[in-house]
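Colleague: Could you take me through this model one feature at a time, giving the general idea and then the case at hand?

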Number of protein chains: 2
Amino acid sequence: MKTKPVAAIIGAGRTRFGEHWEEDPKAMIGKAGMMAVESVDKGIRRKDIDACYFGSFLYQVTNKIGLIPGYMSRELGLNIPMINTEAACASGGLALYDSCIGIQSGKYDTVLVAGFEKMSDRQDKIIDDLMFAADPHEFESGYNFPGLYATMMTRYMYEYGNGDPKCEEALAQIASKNHHHCIKNKYAQFSSKGEVSVEAVMNSRVVANPIRILHCSPISDGAVALVLTRPEVAKKYTDTPIYIMSSQEATDHVSLYTRSNITGVMATRLAVRSALDDTGLTMDDIDIAEVHDCFTIEEVFFLEDSGFYKKGEAWKNIYESYESFKGSGHIPYVKKGKELTVNLGGGLKADGHPVGATGIRQAYESFKQLRKEAGENQIDRDVNTAMCHNVGGTGGVATAHILMRDIQ
Amino acid sequence: MKTKPVAAIIGAGRTRFGEHWEEDPKAMIGKAGMMAVESVDKGIRRKDIDACYFGSFLYQVTNKIGLIPGYMSRELGLNIPMINTEAACASGGLALYDSCIGIQSGKYDTVLVAGFEKMSDRQDKIIDDLMFAADPHEFESGYNFPGLYATMMTRYMYEYGNGDPKCEEALAQIASKNHHHCIKNKYAQFSSKGEVSVEAVMNSRVVANPIRILHCSPISDGAVALVLTRPEVAKKYTDTPIYIMSSQEATDHVSLYTRSNITGVMATRLAVRSALDDTGLTMDDIDIAEVHDCFTIEEVFFLEDSGFYKKGEAWKNIYESYESFKGSGHIPYVKKGKELTVNLGGGLKADGHPVGATGIRQAYESFKQLRKEAGENQIDRDVNTAMCHNVGGTGGVATAHILMRDIQ
């Protein structure tokens, strides 16, 4: 390994994602936080937590609260520093990124990092609220998020699809795969929905052509939390810490109309490449990835922006991989014999997408899979290296994290 | 000095505070940011900026935007990491705190940190919006912020005022002093208002008894930015960097009704004491302080919570100091010959309070005063050490920073 780890994850907790009408938002955060603290194998005292990081997007409009640090203080019974971050749907990723910096600074030994969103309460108003993650001109032009991603998907299919119906089919296969992956994930929003066939996706209602309802991630409520500590002391708390080898963030224009290219995400390219360069790894070294599939086209973009597949060729490889592996436990993407399994718990699509929680949920899922603690949903091959990829808006921001179990 | 500096401020820029109906929020942030970058004495290239920190409170509801990192990216033409933080009225202080951690981590050499708020546009709705910084139960009970602080002020006067009319007069003197301080501050919201007498404050309209309109900070628009770098390289950019010697944050319950004491602010006590302990300084070593006087009672709390005056005795000392020094250039607080001058540019009260900008504005003012660059408003004695104190809500969070010019 080129570099030393920046932090170690030693505990993780989460709520089920879905509709939690009855829950108080602050109590949900507290629940996930306490689960994370209590999950630390060799135990940790509350007073060993030096600071708390938090990521959420719409809490002011959805829950009519601000000043999250003060609520965390009361929930934890601690007066420690708390840092609340927002980067739209990458709020969780940003909180994780910022908490790694906190550990690296030497200011804190051990921190709690949580992500949260409670969206159901807003009912149909949430569709407009989410447009805070887009440029106001896009909102005023009548765009919503399916519309923005439909513009990107249309352009991608036009430039690279060659009129081949398999391109559109590949975009449906992603949804079908991620629903398949979530069935054994007891915390997933759609685990009880069962299999969703490629045909079902392709015949589902059009939301913003060519995006159909089953290409979209859902509106969700949920909270996730992790306990992070300095790598040097991690074994004091558990025999199997998961190391964060690199933590990266990059930004780009919020608006699609000022970007030179909309068939991929510049911020993803920059963040993922920085993480790979930082560790000296290539995408071929990554075993599993939790990818930001808010719409299935984003998973395509990741596979190309990361360099795993060549630009414009992901859809063909997705199609071939799906055809080869459908019906398996987990359906990997393959490239010359190398397997990369993406969104093992169902991704945003099927596990759910309480936006501020997503970036932390990705690390939670990777932590569980790398520790072989994913229960019935444990991947059936030995995996050691994971990537987490979180996007805000249509790509105004992206974060990338590389996680490893064995680091010799 | 017990410790080494955590960061150095090498540039600073700000807009005038006040009503900026015509300005685009994103352009205001860009303007302050570019002013800060261009103010660096020996010059700095935009590409030398490694990351950007940002603090704002109500941008989602007031300006219908989120995902600030993406806007900053476009404004600066950079794809660098950007970290957006929120802690109500301490959002600026939190951004400064978090940016110091960024420098300390070694991940960044040089960062831009900005604070911003644009509130005028919301007109009278802003009074309800601001209640996101309070507990929802307080809002539902009919409280607004003047009401919450009136509760604290009433209790303080009951416990410590001894029925002496000078206690209430001291609370008016603070407002009069801060208006007096702002007159020569060309960026202040109320510089053209001129002197505001103690009588004017005491005869102004009651907002929430005993708080009168002239005890309150105003609704403001404004942006402020700083350039921070590693202390070791600061002299490459300027011969007179201002060093941040300690950066601290503490939290407490958001709600007044769950605190055991409301005649002071626990978070202030913890943050200020940490900053003093960290540097080995006492309040007697602090020459000037920028204090969170959202309502004048907060300035009283600071003087007691920091330990400069004994609990319950600040008002007597404020009264005596004011009577001794009224009519001077700046009116200090005195204690056994020691002078502490507070809110040299007018504080939140008279310079203005665009909430997310305030914590950064405090560091801006301190930077200018310590560098002797405050122009007509320059303090007329030599000062070397400043404290900045920013509070969120009624004390759910507080930050404290100690700044120094000469650090031998």
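Colleague: What percentage of the 408 residues in chain A do the buried residues make up?

Modeller: Bear in mind that this is a predicted model. Within chain A, 62% of the 408 residues are buried, where buried is taken to require 20 or more other C-beta atoms within 10 Å of a residue's own. Of the contacts in chain A with a separation of 6 or more, 78% are between residues 24 or more positions apart.

Colleague: What radius of gyration does chain A have, and what would a compact globule with 408 residues have?

Modeller: For 408 residues a compact globule would have a radius of gyration near 22 Å, and chain A, at 19 Å, agrees with that. Along the principal axes, the C-alpha atoms of chain A fill a box of roughly 60 × 45 × 40 Å, and the secondary structure of the chain comes to 14 helices and 13 strands.

Colleague: How many of the residues of helix H11 of chain A are buried?

Modeller: The general point to keep in mind is that an α-helix has 3.6 residues a turn, so residues three or four places apart point the same way. In helix H11 (residues 296–305) of chain A, ten of the ten residues are buried, so the helix is largely enclosed by the rest of the structure. The buried residues of H11(A) include the charged-type names A:Glu298, A:Glu299, A:Glu304 and A:Asp305, and among them are also A:Ile297, A:Val300, A:Phe301, A:Phe302 and A:Leu303. Just after H11(A), A:Gly307 takes a positive phi of about 90°.

Colleague: Which residues point one way from strand E3 of chain B, and which the other way?

Modeller: From strand E3 (residues 82–85) of chain B, B:Met82 and B:Asn84 point one way while B:Ile83 and B:Thr85 point the other way, and all of these are buried. Strand E2 (residues 51–55) of chain B runs parallel to E3(B) and is joined to it by four bridges, with B:Cys52 standing opposite B:Met82.

Colleague: Into which domains is chain A divided?

Modeller: Chain A is divided into domain 1 (7–124 + 220–242) and domain 2 (144–217 + 243–404), and the centres of these two domains, taken over C-alpha atoms, are separated by 24 Å. Their contact takes 40 residues from domain 1 of chain A and 34 residues from domain 2 of chain A. On the side of domain 1 that touches domain 2, H4(A) gives the most, with eight residues, and by class that side has 26 nonpolar, ten polar and four charged residues.

Colleague: By what rotation is chain A superposed on chain B?

Modeller: In general, two copies of a chain are related by a rotation about an axis and a shift along it. Here a rotation of 180° with 0.0 Å of shift along its axis superposes chain A on chain B, with an RMSD of 0.0 Å, and the two copies are thus related as by a two-fold rotation axis. Of the residues of chain A, A:Ser105 comes closest to that axis, at 1.7 Å for its C-alpha.

Colleague: How many residues does the contact take from chain A and from chain B?

Modeller: The contact takes 47 residues from chain A and 47 residues from chain B. Among the elements of chain A that each supply at least two residues to the side touching chain B are helix H3 (68–76), helix H4 (91–104) and helix H10 (266–279); that side divides into 23 nonpolar, 17 polar and seven charged residues. Since 100% of the interface residues of chain A are also interface residues in chain B, the copies meet through the same surface.

Methods:
Residues are numbered from 1 along each chain as its sequence is written. Chains are lettered from A and ligands numbered from 1 in the order in which they are written. This is a predicted model: local features need pLDDT of at least 70, side-chain atom pairs count only at pLDDT 80 or more; totals for chains, interfaces and linings use all residues. Two residues are in contact if their C-beta atoms, placed from the backbone, lie within 7 Å. Domain bounds come from an automatic or database domain assignment. A residue is buried if 20 or more other C-beta atoms lie within 10 Å of its own, exposed if 12 or fewer, and partly exposed in between; C-beta atoms are placed from the backbone. Two strands pair if DSSP finds at least two bridges between them. Copies are superposed by least squares on the C-alpha atoms of residues with pLDDT of at least 70 in both. The radius of gyration is taken over C-alpha atoms; the globule rule is 2.2 Å times the number of residues to the power 0.38.
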